[in-house]
Amino acid sequence: MPGKAIIIGATSGIGRSLAVELHNRGYIVGATGRRNQRLKELQDELGDRLYIQTMDVSHTENAIKQLKRITDQMNGLDIIVLNAGISRSGEGTTRKTDLKVVDINIRGFANLTSFCFEQFEKQGHGHLVGISSIASLFGWGRTPVYNASKSFVNTYLQGYRQKANHSDANITITNILPGFVRSEMTENKKNMFWVSSAKKAATQIADAIEAKKDKAYVTKRWRLIAWLIKLIPEKIWNRM
Ligand SMILES: NC(=O)c1ccc[n+]([C@@H]2O[C@H](COP(=O)([O-])OP(=O)(O)OC[C@H]3O[C@@H](n4cnc5c(N)ncnc54)[C@H](OP(=O)(O)O)[C@@H]3O)[C@@H](O)[C@H]2O)c1
């Protein structure tokens, strides 16, 4: 039976499409993000079984309070999808950009992951889903901090999966590695290939959640790129 799922970062792109997809599959859905107007529009579109909560994940203490509030409104939480992320902050200097990405993609992610894991242990069950990226598999000169932040997600969730396996509670940890997906994040990006719509990505993410996968490439053929990347010698990679 579909449960109660909260999506962190559901105002656009993959997160919004996933909110719609899970709602269509019968879940009670909680949607969060900074842009409240977008959340209201989503609520108008979906109606029943859709709860909203404004949240900035980089304000860590507030984010926990806000997560508790929406969980109370929904009367429980079975699945949390940590999707909020940025690739550049648009704040100008590299140092500022790097720190902003760390704040949202790492600090905000760790804050909600550790909190939810504790809650899931207390209630005896739960499913934590993180949205990483194919970019997590390599360093990249144009977006070093973004790729590294997603690499953090992979290792961090692997650790939590091991922790879950030693826990008495029934906790699943799923890591999603999307390739290119059309969204606000990729709006002006050039040289993309195998680009998926956010809707198709959301369908495959929902399937991976329901199959309780440890890890899923989205779309599926990106598994091939993941395999190829590992074959490139570091000396060659450094010069690319
Ligand atoms: N698009 C791709 O090709 C691609 C590929 C691999 C991985 N991903 C990952 O997929 C996830 C979704 O990205 P997307 O492509 O769908 O981009 P997007 O359309 O820009 O969506 C990003 C979402 O994150 C939320 N968000 C950003 N900063 C936030 C903050 N400080 N607090 C709370 N929410 C915040 C945004 O909501 P607000 O702005 O309303 O706060 C929005 O809902 C990201 O983690 C991204 O790294 C994307």
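Hi everyone, let me start with a crossing: helix 1 and helix 2 cross in a right-handed way, where right-handed means the near helix is turned clockwise from the far one by less than a right angle, and left-handed means anticlockwise. Before going on, a word on the source: this is a predicted model, in which local features need pLDDT of at least 70, side-chain atom pairs count only at pLDDT 80 or more, and totals for chains, interfaces and linings use all residues. Residues are numbered from 1 along each chain as its sequence is written, and side-chain values use heavy atoms, with hydrogens and water left out.

The helices (H or I, at least four residues) and strands (E, at least two) are DSSP runs, numbered from the N terminus. Two packed helices are described by the angle between their axes and the distance between the axes. Axes are lines fitted to C-alpha atoms, for helices over the stretch in contact, and angles run from 0 to 180 degrees between N-to-C directions.

Back to our pair. Helix 1, residues 13-24, packs against helix 2 at about 25 degrees, and their axes are 12 Å apart. That makes helix 1 roughly parallel to helix 2; angles under 35 degrees count as roughly parallel, over 145 as roughly antiparallel, 65 to 115 as roughly perpendicular and the rest as oblique. Arg16, Ala19, Val20 and His23 of helix 1 make the contact with Glu41, Leu42, Glu45 and Leu46 of helix 2, contact meaning heavy atoms within 4.5 Å.

Next, helix 4. How do the axes of helix 4 and helix 5 cross? They come within 9 Å and cross at roughly 10 degrees, helix 5 being residues 144-165. That makes helix 4 roughly parallel to helix 5, and the crossing is right-handed. By class, this contact of helix 4 with helix 5 has 14 nonpolar, four polar and three charged residues. Here Ala, Val, Leu, Ile, Met, Phe, Trp, Tyr, Cys and Pro count as nonpolar, Asp, Glu, Lys and Arg as charged, and the others, Gly among them, as polar.

Helix 4 (residues 94-123) also packs with helix 3 (residues 60-74), at an angle of about 40 degrees and with axes 10 Å apart. That makes helix 3 oblique to helix 4. On the helix 3 side, the residues are Thr60, Ala63, Ile64, Leu67 and Lys68, and they meet Arg107, Asn111, Leu112, Phe115 and Cys116 in helix 4.

Finally, two backbone details. Most residues other than glycine have a negative phi, and most peptide bonds are trans. Arg49, in the loop between helix 2 (36-46) and strand 3 (50-54), has a positive phi, near 65 degrees. A cis peptide bond joins Val218 and Thr219, with omega about -5 degrees. Thr219 sits in the loop between strand 7 (215-218) and helix 7 (222-231).
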